[in-house]
Structure formats: structure tokens, C-alpha cells
Amino acid sequence: MKFQHLIQFPKEADLKWSLFSAACSSYRFDSVLKPFPPFFLIDSENKEIDRLVKVVELCPSIPELVIQLKANQISKTLVDLLYWVLIQLQEPIYNFIPKNEHNKILSQIPSVMSAAMPDYMFKVTYGSNCQQKFQLMAANRTTKLAFHGSRLENFFSILNHGLQVSYNKRGAFGSGTYLSSEMGLSLSYSSVGFSWRHSCFGDHISIVALCEVIDHPEVRSEFDTRKSDGNNLFNICNNQSVPGKYFIVENNDLVYVRYILIYRNDTPESPSLLTSPTLLGWINRHRMFTFALAYVILLLAVGSSNSSFIYKFYKRLMQ
């Protein structure tokens, strides 16, 4: 059976689908939905995102999915998509960690601030090539554990491609990937997002990554005497160094995601705007077009207000 692991590892399958679904739901899908399922590509520049979202919405809960797969009641398009997300995307591998082991892992990071404990935790494991590359970079150097917070929709790309320095070029203290030794600080950057309405973790969750960071000159901290990025206006004006409890990684190869922490945010279930036939649902699915249209209308309004013809017409109309 292609999907045998759905029975053996339902939580891991649920997580992979939830991360994928969250990225699909984002209006920033061009940057966060990486990799993109190839059979929803029209060409190198055009993607069938609306059709993809509709297919994603068809997926039932994992227990129900197992039943429907056995009964051959799932459409071929959804089966192909499930196979691509759950089977073909082999890395990373997720391993569910029981709640009674959470504290053992989190206690490895000295913390001053109190923070909410996660509802779920998964260990993240990459292939031997990635591990060997990181170990080579870490040779003869110490490493530390630190947290990274980000929007839920970003984690599909983060976990498939790693944390990318290029995504944060204009941070308050220079370019780089921001991490913290305080879970609470990173959690404040992890906004709650919509994952998947049938997820066993809840349809609204937030995620924090627990990463291993190599002690290296390209990892800046409060003890770093170097000046911050001179291209950053904030630093030019304030000449501030990295604040306490923060680390700024300037090289992608120096940080490795080891665990992800999931926080559940239970909310009453409501129909997804992504498939809603209402005007609000249409606007949510076509945000970029809506913003562009609103901008054009604004320009026309400004131009019309300065038009003598419009003024005369309005004056005559009001008489």
C-alpha cells in the first residue's frame, strides 16, 4: 500500500499536510510554497493555485483518509498530491515526541523568561548529506541551541530548504536569520495561522523551531564587537549592537533545525474563506488583484479630483 505510513505514523502525516496546507493558503504562496507541486504548474511562471487550494480542501482527516483510500473513494488528483507531499518529499523526517519528554529537551536551553510549553513536539531529521555538511562546518567548534519564530505559512519552505538568510535583509540589527535563547521571545514572532481544518493539532496553530547553531564569526550575538550591517538605516542612526538573548546567523550552513514546537490555538470551526463562494471569499483568493484594483481606483479618484471637467460636471449635477 502506497500510504501504509498513514496508519503507522498518522501524526507525522498530519503535520506534513498541515504545513503544506498553510503554505497553500497564503497569499505569499510564490515565496512560501517551495517546493511547488509540479503537476499544478502551467509553466515556469504560472501556477494553478486556485485549483490546488480546492484539491487540498478535499482532503478528509487522516483516519477518514485511510478508510477512503482503502475503499478507493479519493480522486486521482488528490491521491497524486498526497503521494507527492507525504511520500516523494522524503526529507525531512518527523518523529513525534511524547509530552513527558518535552521538558527534558527544552531544559537544555538556559532560560530566564517564563514561556508557555508547547502542546506538541517533533524531532526533525534530514538526510546524511545535510547532517555531514553541518558536522563538517561544526568541526572543532562548539554549538548551541536557540529558538526561531516565524509565521506558520513559512515553515513548509523553512523545513524543506532550511532557514534562509536572504529572507531577512533588513532586520532591525542587520541582515540574517534571527534566533533567541528565550523561547518566549521567539514565540512572539510566531503568529497563529490557519493550518488545516481536519488536523489533529487544531486548525489554528503556531510553530517555533528549535535549532542548533554553530559558534562561528558569522553568528553575531550581544558579545560580538563588530558593527551591525551598515546598509541598515536603523543601525546607522542608532549604532546598536545585537541585543541580549539574540543571535543573528549570517550563513545558512551554520544553523540546523532540530525540533519544531507546536502551539495549539483552538477556535470555533468556520468555513474556509479559500473555498467560500461569497465576495469576501473571492477577495481572499485574489488578494493581489484586489489590491491592484483598489490602487487603480485610488489613482482615478485622485486624478478626477483635479479634473476641471469633473468639477464642472459635479457642479452642474448639484444644481
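Colleague: Let me start with Glu 153: is this residue buried or exposed?

Modeller: Keep in mind that this is a predicted model. Buried stands for a relative accessible area under 20%. Glu 153 has a relative accessible area of 12%, so Glu 153 is buried.

Colleague: Which residue forms a salt bridge with Glu 153?

Modeller: The partner is Arg 28, and the closest N and O atoms of the two are 2.5 Å apart. Arg 28 itself is partly exposed, at a relative accessible area of 28%. There is a further member to look for, as Arg 28, Arg 151 and Glu 153 are linked in a network of salt bridges.

Colleague: Where in the chain do Glu 153 and Arg 28 sit?

Modeller: Both are in loops. Glu 153 is in the one between β3 (143-149) and α9 (155-161), while Arg 28 is in the one between α2 (10-24) and α3 (29-32). The pair links distant parts of the chain, 125 residues apart.

Colleague: How many salt bridges does the structure hold?

Modeller: The structure holds 10. One of them joins the side chains of Glu 57 and Arg 197, at 3.1 Å from N to O. Glu 57 lies in helix α4 (residues 49-57) and Arg 197 in the loop between β5 (193-194) and β6 (204-214), so this pair ties together parts that are 140 residues apart in sequence. Glu 57 counts as buried because its relative accessibility is 12%, and Arg 197 counts as partly exposed because its value is 30%.

Colleague: And which residue forms a salt bridge with Glu 212?

Modeller: That is Arg 258, with the closest N and O atoms 2.7 Å apart. Here strands are tied together: Glu 212 lies in β6 and Arg 258 in β9 (residues 255-264), so parts 46 residues apart in sequence are joined. Glu 212 is buried, with a relative accessible area of 16%, and Arg 258 is partly exposed at 22%.

Colleague: Now for the nonpolar side. How should I read a core?

Modeller: In soluble globular proteins, nonpolar side chains tend to be buried together. In this chain, the largest nonpolar core has 66 residues, and those with the most contacts inside it are Trp 17, Phe 20, Leu 33 and Leu 52. Helix α2 gives the most to this core, with eight residues. At least three residues come from each of domain 1 (4-88) and domain 2 (93-264).

Colleague: What does Trp 17 touch?

Modeller: Again leaving out residues up to four places away, its contacts are Val 56, Cys 59, Leu 78, Leu 81, Leu 82, Val 85, Leu 86 and Trp 196. There is also a second, separate core of 13 residues, which includes Ile 105, Met 121, Val 208 and Leu 210.

Colleague: How do I describe the way two helices pack?

Modeller: Two packed helices are described by the angle between their axes and the distance between the axes. Take α2 and α4: their axes come within 10 Å and cross at roughly 145 degrees. The crossing is left-handed. On the α2 side, Trp 17, Phe 20, Ser 21 and Cys 24 meet Ile 49, Leu 52, Val 53 and Val 56 of α4.

Colleague: Can we read a helix by its buried face too? Which residues of α5 are buried?

Modeller: Start from the helix geometry. An α-helix has 3.6 residues a turn, so residues three or four places apart point the same way. In α5 (residues 62-70), the buried residues are Ile 62, Leu 65, Val 66, Gln 68 and Leu 69. Among the elements that cover them are α1 (4-8), α2 and α6 (76-88). Just after α5, Asn 72 takes a positive phi of about 55 degrees.

Colleague: And the chain as a whole?

Modeller: The protein chain has 14 helices and nine strands, and 44% of its 319 residues count as buried. Among contacts with a separation of 6 or more, 77% are between residues 24 or more positions apart.

Methods: Residues are numbered from 1 along each chain as its sequence is written. This is a predicted model: local features need pLDDT of at least 70, side-chain atom pairs count only at pLDDT 80 or more; totals for chains, interfaces and linings use all residues. Side-chain values use heavy atoms; hydrogens and water are left out. A salt bridge is a side-chain nitrogen of Lys or Arg within 4 Å of a carboxyl oxygen of Asp or Glu. Helices (H or I, at least four residues) and strands (E, at least two) are DSSP runs, numbered from the N terminus. Buried means under 20% relative accessible area, exposed over 50%, partly exposed in between (1.4 Å probe, protein chains only). A nonpolar core is a set of buried Ala, Val, Leu, Ile, Met, Phe, Trp, Tyr and Cys residues joined through side-chain atoms within 4.5 Å. Domain bounds come from an automatic or database domain assignment. Contact means heavy atoms within 4.5 Å. Axes are lines fitted to C-alpha atoms, for helices over the stretch in contact, and angles run from 0 to 180 degrees between N-to-C directions. A crossing is left-handed if the near helix is turned anticlockwise from the far one by less than a right angle, and right-handed if clockwise.
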